[in-house]
Amino acid sequence: MLAALQAISRHDISHALLLLGLSACIMCAYDLPGITFARRIAKFPRLGLHRIGLASFCAYALSHVLGAPALSSAAIRLRLYAQWGVPPAGIARIIALSGSTFAIGLAAMLGLLLLFAPHAVPVFGHAAPVTLRFAGALLAGIVAAYVLAARGRESVTLWGRTIALPGARLALAQIILASADMATSAAILYALLPVTPGLSYPHVLSLYLAAFASGALSGLPAGVGVFDSVVLLGLSAYLPPASALGAILLFRVMYFLAPACLAGICYAGHELWMQTRANGDAR
């Protein structure tokens, strides 16, 4: 595994770092549709892109290493947006839209892969192509139904509960953001893997989608064990385990650990600044 790490060229690492920078920018934009959605029912001070980016980046990067991302990201957003004067109803909308973005984007990406390139999904390689295309059409249909339902109506009632809808434009923004995020992060992993005959970017993208979703559903910090096992299993037909583990380890450091450390420093710095400011006002 150490030999596999040393075999990764500087060019590939530089390529992965550029993609990581793009991925970080996408992380900072995750809350933009939620802010727009929240302003429809609640008035609050103008936040500015720096605050929205801070809340979005911290919630995204920290939640995946803390575990239970739905709960941890909601707690971080609640803490930050409450400090900036966003009312509870607005915060609830931000959390709901930002929290559902990943699931909607995952369904869209996986649905399109299964529909148009079922052979590129090695996790389900033993299933018949017709079955895979049917599953892809079902996932894509669910996403399309969500966008169509959001068009021209403010809410929908399901099982006696009224659910507010963001509108078609914000729904499309969710899909684009999440799809760009997952495509970029999968490209980071692909850049770190050695060139292997038969291993294409769609293969790695499908593996990444399955692994990331499995890790998130497990509730474990950074999907430890689960994410790695799914990717390793999918790559077993193309690479030796040691080579695959070397790339996975470096990917974990770059995509999970480094952004989480930066987000932790930013969040701690913000809390220290708010505390210092509160003490100064009290005096």
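This is a predicted model: local features need pLDDT of at least 70, side-chain atom pairs count only at pLDDT 80 or more; totals for chains, interfaces and linings use all residues.
Figure 1. Residues are numbered from 1 along each chain as its sequence is written, and side-chain values use heavy atoms, with hydrogens and water left out. Helices (H or I, at least four residues) and strands (E, at least two) are DSSP runs, numbered from the N terminus. R93 counts as buried, at 16% relative accessibility; buried means under 20% relative accessible area, exposed over 50%, and partly exposed in between (1.4 Å probe, protein chains only). Leaving aside residues up to four places away in sequence, R93 touches F37, A38, R40, I41 and A164, where contact means heavy atoms within 4.5 Å. The charged end of R93 sits over the ring of F37, 4.1 Å from its centre. A charge sits over a ring if NZ of Lys or CZ of Arg is within 6 Å of the ring centre and within 35 degrees of the ring normal.

Figure 2. P33 is found in helix α3 (residues 32-38) and is buried, with a relative accessible area of 6%. Its contacts, not counting residues up to four places away in sequence, are L97, L170, A173 and L177. The C-alpha atoms of P33 and S72 are separated by 20 Å, and these residues are 39 apart along the chain.

**Figure 3. The aromatic pair F102 and F212.** The whole structure holds 13 aromatic pairs. Rings of Phe, Tyr and Trp (its six-membered ring) pair if their centres lie within 6.5 Å; planes under 30 degrees apart count as stacked, over 60 as edge-to-face and the rest as tilted. The ring centres of F102 and F212 are 5.3 Å apart and the planes are at 50°, so this pair is tilted. Because F102 lies in helix α6 (residues 88-116) and F212 in helix α9 (residues 201-218), the pair ties together parts that are 110 residues apart in sequence. Both F102 and F212 are buried. One aromatic cluster is formed by F102, Y208, F212, F227, F251, Y255 and F256. Over the ring of F256 sits the charged end of R252, 5.1 Å from the ring centre.

**Figure 4. The largest pocket.** On a 1 Å grid over the protein atoms alone, a cavity is a set of points where a 1.4 Å probe fits but cannot get out, and a pocket is an open set with protein on both sides within 12 Å along at least five of seven lines; lining residues have an atom within 4 Å of a point. Grid points are joined across faces, edges and corners, and a volume is the space filled by probe spheres set on the points. The largest pocket has a volume of about 390 Å³. Its lining has 21 residues, of which H64, P69, A70, G99 and F102 lie nearest the centre. Helix α6 gives the largest share of this lining, six residues.

**Figure 5. The second largest cavity.** The count comes to two cavities of 30 Å³ or more, and the second largest cavity holds about 40 Å³ of space. Its lining consists of M27, Y60, A61, H64, Y255, F256 and P259. The elements giving two or more residues to this lining are α4 (49-66) and α11 (241-282).
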